[in-house]
Amino acid sequence: MSYQIPRGTQDILPASSSKWQALEQTLRHFCYLYGFNEIRTPFFEHTNVFKRDNDSSDMVNKEMYTFQLANSSTSLTLRPEGTAGVVRSFVENKMYADPDLPIKMYYMGPMARHERPQKGRLRLFNQFGVESLGVKDPYADVEVIVLAYSILKALGLNDIKVLLNTLGDDESRAAYRNALREYFAPYVGDLCADCKRRYEQNPLRLLDCKIDHDKECMKDAPRMADYLNEESRRYFDTVCQALEQLDIPYEIDSKLVRGLDYYTHTVFEIVSLNKEMGAQSTVLAGGRYDGLIPYFGGPEGMSGIGWALGMERLLIALEAEGINLEEDNGLDAYVMVLDKEARGYAFEVLTELRAYGYRSEMDLIGRSFKGQFKTVDRKHAKTAFLIGSKEMEEQSVTIKLLEKREQVNIPVADMVAFLDRQLVEEEEEHHHHHHEHEEE
Ligand code: ATP
Ligand code: MG
């Protein structure tokens, strides 16, 4: 029996939630700019939404939190990723019939995978992802890649690399699969147990193995590029050319096949090059999927593209580069209560301040002047309101302006106008200093 947090999960405590909110705000802002709207799907789905025929990925085969309630025959699974639920919803709600395809959506929230926890790898982690559904055009691919890159750059990440590859269409992939089977036939006995299964199920995933990664036979394996048909080649060239035209630096990685089995054509990752990321350096990953919409009962031949980023991993990458998203401006006012009888009046002042948009708090536990003043300091308050029975009787407030080290006593009726003036003045002062520094 334990009242400790389960292994591989973490609390996001109030002290660090502001950086999460700052991150979420940037993500939402970019989606707004690019015309992606939020979708919220359930945190669990019927197991077969994730566990599809022929899926050879570890995520589906080993990492899913699947459960069945005692009085039910329905098998449910906590979502390990966002795409399947979004596509299920796209089809179920007939979004494919919209006259304005693609339907562009984003989602964020927790994902559950039973993995071995380590830095940047949790059992319950948060993803932010986008999906652009219903249009198969290289520029739909370009749009989501540019969105991904722009977000990471706007957050301040510098040490990143875009890795790009194509898996081609079904025909190209079938040819490539055959070539891989033929090539690996003499080596498969020396590969890990998972790779033996992959060899049969989906030999593309051999290239993705974290165990056999450095084996000699991997280096000379056939390359996808040599098995692309004309159409797949042209599709990929258009994506690459557009990225060049937009100055998005990328690198073609012919071994990039991605963890899930449903990808076709363009696949990509954005990795952090910072040493602190260790083996968990992939911040964002995605690609095009052709089979998924028809799989859920949508129109034959309709495809989509999307990516997901690990929010915890992104925060680690930002921290590794010394980027701080937190911006706590402190309180506008802290109301200090000097006499117990004045509490009611003080609370009235507090409520008035808040009504006018001033971020304010008040002492609730009757501490000494010194004790309360320490709080003013810790909360970085711009002003301290000193409220005692004198102020109550006069209907006045005594305000300490902490930066200017001045103190005034004014009628409570003038309080808001006074604060408006003072705090705007301080703001301008800071702005002025800021510019002076810039000019230096
Ligand atoms: P990996 O190769 O690291 O296992 P993956 O291929 O399983 O990654 P995706 O399914 O593509 O990852 O998920 C997209 C992103 O979600 C990853 O790039 C990563 O940032 C994040 N992510 C995936 N699994 C975890 C996890 N267990 N803990 C934290 N973040 C994760
Ligand atoms: Mg994984």
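Ground rules. This is a predicted model, where local features need pLDDT of at least 70, side-chain atom pairs count only at pLDDT 80 or more, and totals for chains, interfaces and linings use all residues. Residues are numbered from 1 along each chain as written, chains are lettered from A and ligands numbered from 1 in written order, and side-chain values use heavy atoms, without hydrogens and water.

Ligand 1. There are 16 residues around it, with a heavy atom within 4 Å. Arg113, Glu115, Arg121, Leu122 and Arg258 come nearest. A polar side-chain atom of glutamate 115 sits 2.6 Å from a ligand nitrogen. Lysine 210 puts a side-chain N or O atom 2.9 Å from a ligand oxygen. Taken alone, ligand 1 exposes 590 Å² (Shrake-Rupley, 1.4 Å probe), and the protein buries 90% of that. Strand 10 gives the largest share of the shell, four residues.

Now strand 9, residues 263-272; strands here are DSSP E runs of at least two residues. Strand 9 pairs antiparallel with strand 10, residues 282-289, over seven bridges (DSSP must find at least two). There, threonine 264 partners arginine 288. Strand 7, residues 160-166, also pairs antiparallel with strand 9 over seven bridges.

Last, arginine 52. Is it buried or exposed? Arginine 52 counts as buried because its relative accessibility is 9%. A polar atom of its side chain lies 2.9 Å from the backbone oxygen of valine 49.

Definitions and conventions. Buried means under 20% relative accessible area, exposed over 50%, partly exposed in between (1.4 Å probe, protein chains only). A polar contact is a pair of N or O atoms within 3.5 Å; within protein, one must be able to donate a hydrogen and the other to accept it, and residues adjacent in sequence count only if both atoms are side-chain atoms.
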